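Here is a short note to read beside the structure.

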Amino acid sequence: MDKLYDVTAIGELLIDFTMNGQSGQGNDLFEACPGGAPCNVLAMLNKLGRKTSFIGKVGEDQFGRLLKDTIEGLGIGTEGLIMDKEIRTTLAFVHTFPDGDREFSFYRKPGADMMLSEDEIDLDMIRKSRVFHFGTVSMTDEPARTATKKALKTAKEAGCLITFDPNLRPPLWGSLDDAKEQIEYGFQYCDVLKISDNEIQFVSGKEDYDEGIRYLQEKYQIPLIFLTMGKDGSRAYYKDMRVERKGFAVKAIETTGAGDTFCGCAVNGVLTHGLDNLTEEILEDILTYANAGAALITMKKGAIRSMPEPEDIKRLAEG
């Protein structure tokens, strides 16, 4: 089958309300920012010239329409986006701390993104994709969990390259044991894993990142693993190689979307070079570029609309 898309992703599309100052009365002001990790990744890939499409569900309400218009405007395909007449679009309020870190309050009991069912997925879209990308936010609840797994099986059978970012959000899970189980399910399928420092400690039970990654490599035979360490940079683990690149020092105002920007840049690198003959030099270039992209987005609010321009990433990476 001809590949129509470079990357198709499944998952959550929602509104991130981020703090944006105070009103004259001293009330916090929140800005409605289109978000959701899988679409953030696609938005970065689109900037890099890739053809992408999204599978998910929003409410048929003002926020759902805003989201659909936003991703269409960025060139992300919406053929797989379903509008739910009954259930509202999922909302997340992001509270940012002085150091730029954040916590989330979710309005999602239920939210439309959880309600995507397996019979609503156009499986041919997945079969026509070079890469299939997913996370675990779409695996917290039924029916979206079953839908995600159906999509994943279809991608595997079709020979897609499968990329996975667990994107652990503890408040969304009934239990962290369930979260761990679903993340481990994802490990069994993926060819490329993007995992953060706290997530590797969570799933492996090991403090040391290298030990945690080694445990994953031995247990699941994942060909390529990217580890992100916030401002400290990132590592790539491939065959018996371990490559590390430092992060870029910038004036961060908010870290929303940094991991997704990194992921989009890294997936782009894998699309360019393939997965079979990666060298240390190629991996260093991919990490440097992805670190630069992730650093740039922390200087803006929101994610989907704030993806950095490729020439700006290149300038920072080479500078």
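1. Start with the pair H9 and H10. These two helices cross with a right-handed sense. Keep in mind throughout that this is a predicted model. The angle between H9 and H10, the latter spanning residues 310–318, is about 115°, and their axes lie 8 Å apart. H9 is therefore roughly perpendicular to H10, since angles of 65 to 115 degrees count as such.

2. Which residues make that contact? From H9 come Thr288, Tyr289, Ala292, Gly293, Ala295 and Leu296. From H10 come Pro310, Asp312, Ile313, Lys314, Leu316 and Ala317. By class, eight of the residues in the contact of H9 with H10 are nonpolar, two are polar and two are charged.

3. Now take H4 and H5. Helix H5 covers residues 176–189. It packs against H4 at an angle of about 15°, and the axes are 11 Å apart. H4 is therefore roughly parallel to H5, as the angle is under 35 degrees. The crossing of H4 past H5 is left-handed.

4. The H4 side of this contact consists of Arg145, Lys149, Leu152, Lys153 and Lys156. The H5 side consists of Asp178, Gln182, Tyr185 and Tyr189. Sorted by class, the contact of H4 with H5 has five charged residues, three nonpolar and one polar.

5. Next, the open space. The largest pocket has a volume of about 1,300 Å³. Its lining takes in 48 residues. Nearest the centre of the largest pocket are Arg102, Gly230, Thr255, Ala258 and Gly259. The lining divides into 19 nonpolar, 17 polar and 12 charged residues.

6. What elements give two or more residues to the lining of the largest pocket? The strands are E2 (14–22), E7 (102–107) and E10 (192–196). The helices are H1, H6 (197–204), H8 (258–273) and H9 (280–297). H8 gives the most to this lining, with four residues.

7. How many cavities of 30 Å³ or more does the structure hold? There are three. The largest cavity holds about 60 Å³ of space. Its lining is made of Glu12, Ala37, Pro38, His133, Phe134, Gly135, Thr136, Val137, Ser138, Asp165 and Asn167. Helix H1 (37–47) and strand E8 (129–134) are the elements that give two or more residues to it. The lining of the largest cavity has four nonpolar, five polar and two charged residues.

8. The second largest cavity holds about 40 Å³ of space. Ile10, Gly11, Gly56, Lys57, Asp113, Leu116, Ser138, Ala144, Ala147 and Thr148 line it. Strand E4 (52–59) and helix H4 (144–157) each give two or more residues to this lining. H4 gives the most, with three. Four residues of the lining are nonpolar, four are polar and two are charged.

9. Finish with the backbone. Most peptide bonds are trans, and most residues other than glycine have a negative phi. The peptide bond from lysine 109 to proline 110 is cis, with omega near -5°. Proline 110 sits in the loop between E7 and helix H3 (123–127).

10. Another cis peptide bond joins glutamate 142 to proline 143, with omega about 0°. Where is proline 143 found? In the loop between E8 and H4.

11. The last point concerns asparagine 167. Its phi is positive, about 50°, although asparagine 167 is not a glycine. This residue lies in the loop between strand E9 (161–164) and H5.

Notes. Residues are numbered from 1 along each chain as its sequence is written. This is a predicted model: local features need pLDDT of at least 70, side-chain atom pairs count only at pLDDT 80 or more; totals for chains, interfaces and linings use all residues. Side-chain values use heavy atoms; hydrogens and water are left out. On a 1 Å grid over the protein atoms alone, a cavity is a set of points where a 1.4 Å probe fits but cannot get out, and a pocket is an open set with protein on both sides within 12 Å along at least five of seven lines; lining residues have an atom within 4 Å of a point. Grid points are joined across faces, edges and corners, and a volume is the space filled by probe spheres set on the points. Ala, Val, Leu, Ile, Met, Phe, Trp, Tyr, Cys and Pro count as nonpolar, Asp, Glu, Lys and Arg as charged, and the others, Gly among them, as polar. Axes are lines fitted to C-alpha atoms, for helices over the stretch in contact, and angles run from 0 to 180 degrees between N-to-C directions. Angles under 35 degrees count as roughly parallel, over 145 as roughly antiparallel, 65 to 115 as roughly perpendicular and the rest as oblique. A crossing is left-handed if the near helix is turned anticlockwise from the far one by less than a right angle, and right-handed if clockwise. Contact means heavy atoms within 4.5 Å.
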